[in-house]
Number of protein chains: 2
Amino acid sequence: MKKSDAGAGEQAVTSSGRVKDLLRQDILRGVLKPNQRVTLADVAARYGVGQMPVRHALLQLEGEGLLEISAHKGATIRRADAKFVYDMYEIRRVLEAMLIGSAVKVVRADELAAIRKAQDHFEAVATTGNEAALLKANTDFHNIINRIGNNPEATRYINRGWDLIHAMRLQFGFGRSRVAAMVSEHRSIVAALEARDHDRATSVAEEHCRAARDDLLARIASVG
Amino acid sequence: MKKSDAGAGEQAVTSSGRVKDLLRQDILRGVLKPNQRVTLADVAARYGVGQMPVRHALLQLEGEGLLEISAHKGATIRRADAKFVYDMYEIRRVLEAMLIGSAVKVVRADELAAIRKAQDHFEAVATTGNEAALLKANTDFHNIINRIGNNPEATRYINRGWDLIHAMRLQFGFGRSRVAAMVSEHRSIVAALEARDHDRATSVAEEHCRAARDDLLARIASVG
DNA sequence: AAGTGGTCTAGACCACCTT
DNA sequence: AGGTGGTCTAGACCACTTA
């Protein structure tokens with residue numbers, strides 16, 4: 001973990017970095033809704049900075065796929081419809097399958113322990129009903145496995161733009177039995193990794209992804 | 001095709017858009033080499049604009065994965081080693097397999113005709129030995145198929161950052177028999193699509209990608 | 001035809017890396 | 001401490017959108 005990284009979790013040292021993180025949070029928490037316009041003056045006034053750092057932040061968030069900018073017309077939060085959700089989960093499905101397929105061949109005992117620990121934490125959070133914490137624990141679990149897959153580009157792609165999906169998940173919540181299913185699917189993933197069973201690991205990971213996708217799409221459809 | 005798009009091929013209407021395209025070309029043609037620092041003052045002077053449009057262009061290119069920016073330290077062209085090439089081709093392999101798997105189920109007769117036409121053009125260019133034109137014809141061929149896969153996000157991801165790979169390909173060239181193999185592999189892809197054979201289409205596409213990867217890696221290794 | 005809002009220039013400021 | 005070079009402010013300019 002380099003110190004100079006101004007990534008999502010770390011402390012931003014520039015104004016534009018701070019604005020970027022604040023905007024990301026606003027998107028995640030639904031303060032900024034899909035399809036909404038974002039003007040330089042508004043954001044600059046809200047956060048007490050000039051327009052330039054805001055513009056830099058917007059350009060970077062555009063690169064992450066969270067919003068769209070067109071010349072002389074400004075930025076709008078990317079609108080995320082059912083097709084977008086479906087497409088994003090399909091990408092995640094094949095990339096995670098690829099990564100777990102690589103991971104299963106090289107995973108070490110201490111890495112398996114870290115995965116199990118993340119899963120224990122996930123199961124603990126699952127009993128609390130705190131969906132924001134659950135989302136984070138789930139992300140952590142998958143990121144550990146993905147990183148062992150040893151393809152940093154793919155790991156980046158998987159998380160790119162995913163904040164939009166997380167925002168929808170926070171808005172629509174999980175289906176009634178989905179949390180319990182997640183726990184059990186994660187256990188299957190861990191078991192497949194421990195058995196170093198390549199085909200089972202990839203198929204279980206793909207099924208996990210499809211189930212998450214279908215649950216979210218059902219939640220979206222049921223609300224309208 | 002929207003007019004307001006300031007995308008790669010179209011006419012950029014802003015200074016930063018022009019600078020972005022120029023920088024992309026410079027990366028592609030090897031004027032800017034991997035690992036090289038890119039300073040605002042240099043680029044601004046070279047293209048006769050202020051530093052701000054340059055900075056905007058750099059931020060956007062960072063989002064495309066072509067370079068890295070760290071706060072107060074500036075931008076460097078992303079360095080692309082053998083592992084990076086391998087990883088990028090792995091991503092392309094699984095995403096293109098996914099897309100052709102979708103495409104084979106929905107492809108229409110007129111789309112098949114367009115694919116065949118692109119392949120005819122590719123074969124015509126293949127006889128000329130013009131590698132830049134060959135690269136473009138190859139990209140066009142694959143983009144047509146990918147687009148039929150109807151996952152715009154995935155299509156975007158596939159092309160994201162690929163300029164770095166193209167730059168290496170232009171630098172190292174194709175292996176002796178690679179061009180002929182590309183022609184024949186493309187024909188297999190077209191045949192699988194025409195037969196609407198899902199499994200054959202995905203496996204042929206994956207093999208095509210692996211062969212391209214191994215050829216480029218061999219070229220890189222042989223030069224040193 | 002005016003208003004809104006994005007784009008660009010010039011210059012001040014300041015973080016980082018030398019000597 | 002000085003130099004280099006990225007970051008930010010203020011304001012002019014101009015494209016796009018109302019009426």
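Let's start at the DNA: of the atoms of DNA strand D within 4 Å of the protein, 81% belong to sugar or phosphate, while the rest belong to bases. Keep in mind as you look around that this is a predicted model.

Which residues come closest to the strand? In total, 17 residues surround DNA strand D, and the closest are Ser15(A), Gly50(A), Met52(A), Arg55(B) and His72(B). Some of the contacts with phosphate can be followed atom by atom. Arg55(B) uses its side chain, where an N or O atom is 2.7 Å from a phosphate oxygen of DNA strand D. By class, the surface near DNA strand D has 5 nonpolar, 8 polar and 4 charged residues.

Now turn to where the two protein chains meet. Here 31 residues of chain A are in contact with 31 residues of chain B. The two chains bury about 2900 Å² between them, and 60% of that is on carbon and sulfur atoms. Side chains of opposite charge can pair when their charged atoms come close. Between chain A and chain B there are 2 salt bridges. Glu153(B) forms a salt bridge with Arg78(A), and the closest N and O atoms are 2.3 Å apart. On the side of chain A that touches chain B, H3, helix H4 (82-106) and helix H7 (152-159) of chain A each supply at least two residues. The largest share, 9 residues, comes from H4(A).

In chain B, Glu64(B) and Arg24(B) form one, with their closest N and O atoms 2.4 Å apart. Glu64(B) sits in the loop between H3 and strand E2 (67-70), and Arg24(B) in helix H1, 40 residues apart.

Another pair in chain B is Glu123(B) and Arg187(B), whose side chains meet in a salt bridge (2.7 Å, N to O). Glu123(B) lies in helix H5 and Arg187(B) in helix H9, so this pair ties together parts that are 64 residues apart in sequence.

Terms used: Residues numbered from 1 in each chain as written. Chains lettered and ligands numbered in written order. Predicted model: local features only at pLDDT ≥ 70, side-chain atom pairs only at ≥ 80, totals over all residues. Heavy atoms only, no water. Near = heavy atom within 4 Å. Polar contact = N/O pair within 3.5 Å; in protein donor to acceptor, adjacent residues only side chain to side chain. Nonpolar A, V, L, I, M, F, W, Y, C, P; charged D, E, K, R; others polar. Contact = heavy atoms within 4.5 Å. Buried area = accessible area lost by both parts, 1.4 Å probe. Salt bridge = Lys/Arg side-chain N within 4 Å of Asp/Glu carboxyl O. Helix = DSSP H or I, 4+ residues; strand = E, 2+ residues; numbered from the N terminus.
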